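Let's walk through it together, one region at a time.

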Amino acid sequence: MWYSQLYRRHLLDMHIEDWSDDFLSEFSPEVYVENLKKAEINYAMIYLQSHVGLCYYPTKVGVMHKQIEKQPDMIKRVVDLCHRNGIRVCGYYSLIYNTREHDRHPLWRMKKEDGFSAREGKEGGKGLAFVNVNGSRYGHCCPNNMEYRQFVYNQIDEILDYFECDALFFDMPYWPHTCYCDACQKAYGGEIPKEINRELVEFKAKSMGEFVQSITGYVKKRQPDMPVEHNFANAVAGDTSSACIEEVLAACDYVGGDLYGNLYNHSFACKFFKNATLNPPFEQMFSRCKPKLRVHTLTKTKDEMKTALSSTMAHHGATLVIDAIDPVGTMDRRVYEQVGEIFRFQKKYEPFFTGEMVEEIGLYYGLRSRNYVEKENARVCCVNASKTLVRAHIPFGVTGVFHELSQYKIIVAPVLSELEDKDNERLIEYVRNGGVLYLSGGHNTALLKELTGHVYMSEYEERCVYVAPKAGYEEIFGEFNGKYPLPVMETKAAIVACGEAKVLATLTFPYTRHREDKYAAIHSDPPGIASDVPAVTVNDYGKGKVIWSAVPLEAIEFEEYRKVFVNLLHIAGRPDYFFCSDAPKNVEITAFTDKEKITVNLMVLDEEAITTPAAPFSVKVKEEVSSIRLLPDGEEIPFSIEKGYTVFQTRAVDIFDMYELKRKEK
């Protein structure tokens, strides 16, 4: 694909109103494109419309921004100037979030339980936002309303007729809340429930999937070769009921999104997007504003930008930097000088973005299991498990219904709900053929019973429980034992009737329930009631092995729990991982392989404004190689061969380094 080698991308956020004549009055297409050139951008996402709902082109069906009315070809000139300067253009269009059309078309509005939209205010408040202080700035249009859907098609026609775009990006393809409008009630075929349940989740997923797939289909009918991307960020940032899941993924030629979590969230998202995308590279967006676009004049430092960029580089993704335009239409040139500096750093490494990523543990990310079972959240569990594996320097990737399973030595599948049962057979087949599977929780009852023999009974309602190792298994649980068991707070344990699996630990309960009048200790709920209820089990299934935990130990961030989690993964024996290292815990290592070489990426995950370099450390790679070079300049690096491993010493890592290990000719 033409976009496969375009890694330096940009979006200028232009959700700007037009009630003031000052807004966008100083906008210059020439300055815009000069800034892109200064920043080394080769792929620009350009606003053609926004959350406000105002169009940046002559429209017959929508509302044109007043400044654009004065200069109708303003944004067309940006697009044309980009092309003249060798910059590809992706047109931006906001779905669902369209405040102007929400205000103009009451029947298009998403409605909450009280019959009012979010913009109309809370609990039946009257008036739109800025009239009613309870209202939202954002107006949401319902994808199940066929008139609104036709309106979007009509605007796509206008855009494709007016602009020469290379691709289109559609933002906000998710439900900000459950909609109770007439169109949704009709599509649902009855009264929409107030509480989330399986039927409602599937209805929202089907509706959103049909909507975004129809958008992609409409574009392809007009221009079959035009790439289409829908913002997939909510698959990481949102919950199950937002319905930004596989059905949205199916509408994307490639995936990406804007995320605002910490660097470990960023790393997890890169692995997820990399394996979810139909065509590489995936696109990881970050805002130049710190910490979010909400803070308009605070810009990330060069080190903060370079760290975010490096994490994406280490997964061979494309970085899209989001800037925010000043309401009057100006841009801060200093931002583009800084972005240019970090992209010139990346540019030297781009020729080496080749090969397949080494992934030996797979984190099975259940997109339908996010916030579905209260606090037992598959996203939180997967992100924290990801952090543990990064800190342990274990090669891993993110998998799921969207990706092949057979390549992994171990799969970690946290707190899967019954909504994931469509993929049960693949997980069962994986274990039957010799895979090792770690499961936590008990809500996918069919999978649990088949693989472990356990019958799910209930949840322990209290949010304090203890995991007590049985005799002979204390070593797995570190310093914890039957008298001083491992505490698990703020999560509910799955209570099961045990099958024939071997029990490694049981649940111990506090002396009293937390809300009882009597208590053992006034500040806490110490362990007091031992039980035979299984907490951790292991058993053979086919040629493989299943490890099960009643509580999601992988979600807890203390180092003691990280060690227990990794120990559990290695019950069947620690695999001979492709690489290992004594690097500091905040250094992430990734590796890519092809026929001729192995590329090892090192990046320091430091949240500080100025990064502290990591001291030199050793890396072992499970292959004998003929040479090692420090990229991009090619400095030769000494190494040794020890028991089939190539061992080399790094230099101090200042945010990012890449080493190339040349394979021996066979």
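First, the ground rules. This is a predicted model, so local features need pLDDT of at least 70 and side-chain atom pairs count only at pLDDT 80 or more, while totals for chains, interfaces and linings use all residues. Residues are numbered from 1 along each chain as its sequence is written, and side-chain values use heavy atoms, with hydrogens and water left out.

A nonpolar core here is a set of buried Ala, Val, Leu, Ile, Met, Phe, Trp, Tyr and Cys residues joined through side-chain atoms within 4.5 Å. Buried means under 20% relative accessible area, exposed is over 50%, and partly exposed is in between (1.4 Å probe, protein chains only). The largest such core has 173 residues, and the members that touch the most others are Met 14, Ile 75 and Phe 272. Who are the contacts of Ile 75, and which residues does it touch? Leaving aside residues up to four places away in sequence, Ile 75 touches Met 14, Phe 27, Ile 46, Tyr 47, Leu 48, Tyr 56, Ile 68 and Phe 163, where contact means heavy atoms within 4.5 Å. There's also a second, separate core of 23 residues, including Val 358, Ile 589, Leu 630 and Val 653.

Pockets and cavities are both found on a 1 Å grid over the protein atoms alone: a cavity is a set of points where a 1.4 Å probe fits but cannot get out, a pocket is an open set with protein on both sides within 12 Å along at least five of seven lines, and lining residues have an atom within 4 Å of a point. Grid points are joined across faces, edges and corners, and a volume is the space filled by probe spheres set on the points. The largest pocket holds about 1800 Å³ of space. Its lining has 49 residues, and Asp 13, His 15, His 51, Tyr 138 and Leu 293 lie nearest the centre. Helices (H or I, at least four residues) and strands (E, at least two) are DSSP runs, numbered from the N terminus. By that numbering, β1 (8–13), β6 (167–171), α8 (234–237) and β10 (318–324) each supply at least two lining residues to the largest pocket, and α8 gives the largest share, three residues.

Among the residues lining the largest cavity are Val 415, Leu 439, Gly 441, His 443 and Leu 448. Two or more of the lining residues come from each of β15 (436–440) and α15 (445–452).

On to a strand pair. Strand β12 (residues 361–364) and β13 pair in the parallel sense over four bridges; for strands to pair, DSSP has to find at least two bridges between them.

Leu 405 sits in the loop between β13 (396–399) and β14 (410–413). Tyr 364 is 41 residues apart from Leu 405 along the chain, with 8.9 Å between their C-alpha atoms.

What about the cysteines? A search of the whole structure finds zero disulfides, a disulfide being a pair of cysteine sulfur atoms within 2.5 Å. For Cys 181, the nearest cysteine sulfur is that of Cys 179, 3.5 Å away. Cys 181 is buried, with a relative accessible area of 4%.

Finally, the backbone. Most residues other than glycine have a negative phi, and most peptide bonds are trans. The bond from Pro 280 to Pro 281 is cis, with omega near -5°, and so is the bond from Leu 631 to Pro 632, with omega near 5°. Ile 96 has a positive phi, near 65°, and is buried at 0% relative accessible area.
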